[in-house]
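Please read it alongside the sequence and the structure shown here.

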Amino acid sequence: MKTRPAAGRWIEGWNPEDEEYWERTGKPIARRNLVLSVLSEHIGFSVWSMWSVLVLFMSPEIGLGFTPGEKFLLVVVPTLVGAVLRLPYSWAVTRFGGRNWTVFASAVLLVPALLAFVFVQRPGTPLWVFLVIGATAGAGGANFASSMTNITTFFPQRHQGWALGVNAGGGNLGVALVQLLGLLVIATAGDTHPSYVAAVYLPLIVLAALLAALKMDNVDAVRARPGALREAAASRHTWFISFLYVGTFGSFIGYGFAFGLVLQNEFGSTPLEAASYTFIGPLLGSVSRPLGGRLADRWGGARVTLWAFLALALGTAGLLLASRAGSFGAFVAAFTLVFVLSGLGNGSTYKLIPAAAAAEAEATITSGGEARQAFARARRISGAAIGIAGAVGALGGVAINLAFRASYQGPQGGGTTAFACFLGYYALCMAVTWSVYLRPGRKAAPGPAPAREPRPARVR
């Protein structure tokens, strides 16, 4: 059997739920595509969150003396555009194929990277130009939706928590790595050369696009029938999970974009001081995401998610106390803990999507439905729900940065009001998780999917 199709071809009959097929044929193909998906998504996240670093350089010394409110706006715009583009990106991978869309989604990142490289070297560039460039960087955040929709089709349901966690965690590392790069530039060349940050990604974007074109695969299972998005939107689980994902991923990306500016406004940190700490939280939060998926595979996504939100609430209370006490060390430590917990929650919350779809498929089969059709529908809805949850969750990052902007521009001039709002949202997420997925007597609770019927695979 041919397991490596020519570039651009589609693998038909993809059935990772058949254990024999998975071990013999599916696993090596799935893992190769996972590695390359992580690379593309990682660079996408780096380009998306690049403005969280570039704003640290912006000062009168380089002719870009923007106010704190304008800088928060510069990190809000790419977050918002990235969230809005996630739905069409999720659909696009089902229309054009995982490999094909990854090539395009990687190559298009040359636009925001090149524009940033050129214009941050021009003193006096008006704010609106940077807002437009930041909007184009939103394409990097949209990569997440197409990547996750693609990868969920490659792995059996029993491994999807781990696979989605690795894929998303590797992508999320892009937030930490671009901030670490910013620290390296500031420490070696000073805080007047933001173009160096953008320059590093230009060859990496080309490399990711070429590797995707040469080594990735399209599989027929990713193709969605017309109406898949509508079916996913009609499921109550899609919206409950999206609400929870606002609390987990919204926290991760929102805090990742805002952390440096928060340190500058809360404690008067210099660009070097801020950059010395901003990468730690996103780094640990990215590493913890696969762990959250693995724990969800073992203990259930709902249970792990509930504990993650409880811990997030406690961590946010720690931020409030540290802020009031003016303790820089305690503030950074609490913020880092919140990043780790948001990463765990990201992994466990996303596990709820395929688990909920599989539980509904199992209920259909129990009531007399045909197994193959039920599971095909579950996989189709999972891909569409991932796109919806990813888009809604990213909007949480927008809300966080707008909350910080309003809080620091308010009468008190601090972050207390913003942190109090976040604490309240985590409490709501705990209530939703318990009442929908853990309360005794609930209906349609997510559970493991039974084995699927084997199906031969072929490549055309």
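Of the 460 residues in the protein, 58% are buried, where buried means under 20% relative accessible area, exposed means over 50% and partly exposed means in between, computed with a 1.4 Å probe on protein chains only. This is a predicted model, in which local features need pLDDT of at least 70 and side-chain atom pairs count only at pLDDT 80 or more, while totals for chains, interfaces and linings use all residues. Residues are numbered from 1 along each chain as its sequence is written, and side-chain values use heavy atoms, with hydrogens and water left out.

**Overall make-up**

- The protein has 16 helices and 3 strands; these are DSSP runs numbered from the N terminus, with helices (H or I) of at least four residues and strands (E) of at least two.
- Among contacts between residues at least 6 apart in sequence, 85% join residues at least 24 apart, a contact being heavy atoms within 4.5 Å.

**Helix H10 and its two partners**

- Two packed helices are described by the angle between their axes and the distance between the axes.
- The axes of helix H10 (residues 236–267) and helix H13 (residues 301–325) come within 12 Å and cross at roughly 20°; such axes are lines fitted to C-alpha atoms, for helices over the stretch in contact, with angles running from 0 to 180 degrees between N-to-C directions.
- H10 and H13 are therefore roughly parallel to each other, given that angles under 35 degrees count as roughly parallel, over 145 as roughly antiparallel, 65 to 115 as roughly perpendicular and the rest as oblique.
- By class, the contact of H10 with H13 has 3 nonpolar, 4 polar and 1 charged residues, with Ala, Val, Leu, Ile, Met, Phe, Trp, Tyr, Cys and Pro counted as nonpolar, Asp, Glu, Lys and Arg as charged, and the others, Gly among them, as polar.
- Helix H2 (residues 50–57) also packs with H10, their axes coming within 7 Å and crossing at roughly 20°, and H2 and H10 are therefore roughly parallel to each other.
- The crossing of H2 and H10 is right-handed.
- Ser 52, Val 55 and Leu 56 of H2 meet Gly 256, Phe 257, Gly 260, Leu 261 and Gln 264 of H10, and the residues of this contact divide into 4 nonpolar, 4 polar and no charged.

**Two serines in helix H1**

- Ser 46 is in helix H1 (residues 19–48) and is buried, with a relative accessible area of 0%.
- A polar contact of 3.3 Å joins the side chains of Ser 46 and Tyr 201; a polar contact is a pair of N or O atoms within 3.5 Å, and within protein one must be able to donate a hydrogen and the other to accept it, while residues adjacent in sequence count only if both atoms are side-chain atoms.
- Not counting residues up to four places away in sequence, Ser 46 touches Gly 174, Val 178 and Tyr 201.
- Ser 37 also lies in helix H1 and, at 4% relative accessibility, counts as buried.
- The side chains of Ser 37 and Ser 147 make a polar contact of 2.4 Å, and beyond neighbours up to four places away in sequence Ser 37 touches Ser 147, Ile 151, Asn 167 and Met 216.

**Residues brought together across the sequence**

- Gly 397, in helix H15 (residues 371–409), is buried, with a relative accessible area of 0%.
- The C-alpha atoms of Gly 397 and Gly 250 are separated by 4.3 Å, although these residues are 147 residues apart along the chain.
- Residues up to four places away in sequence aside, Gly 397 touches Thr 79, Gly 250, Ile 253 and Gly 254.
- Leu 85, in helix H3 (residues 68–96), is partly exposed, with a relative accessible area of 27%.
- Leu 85 and Ala 142 are 57 residues apart in sequence and 5.4 Å apart from C-alpha to C-alpha.

Technical notes:
Left-handed = near helix turned anticlockwise from the far one by under 90°.
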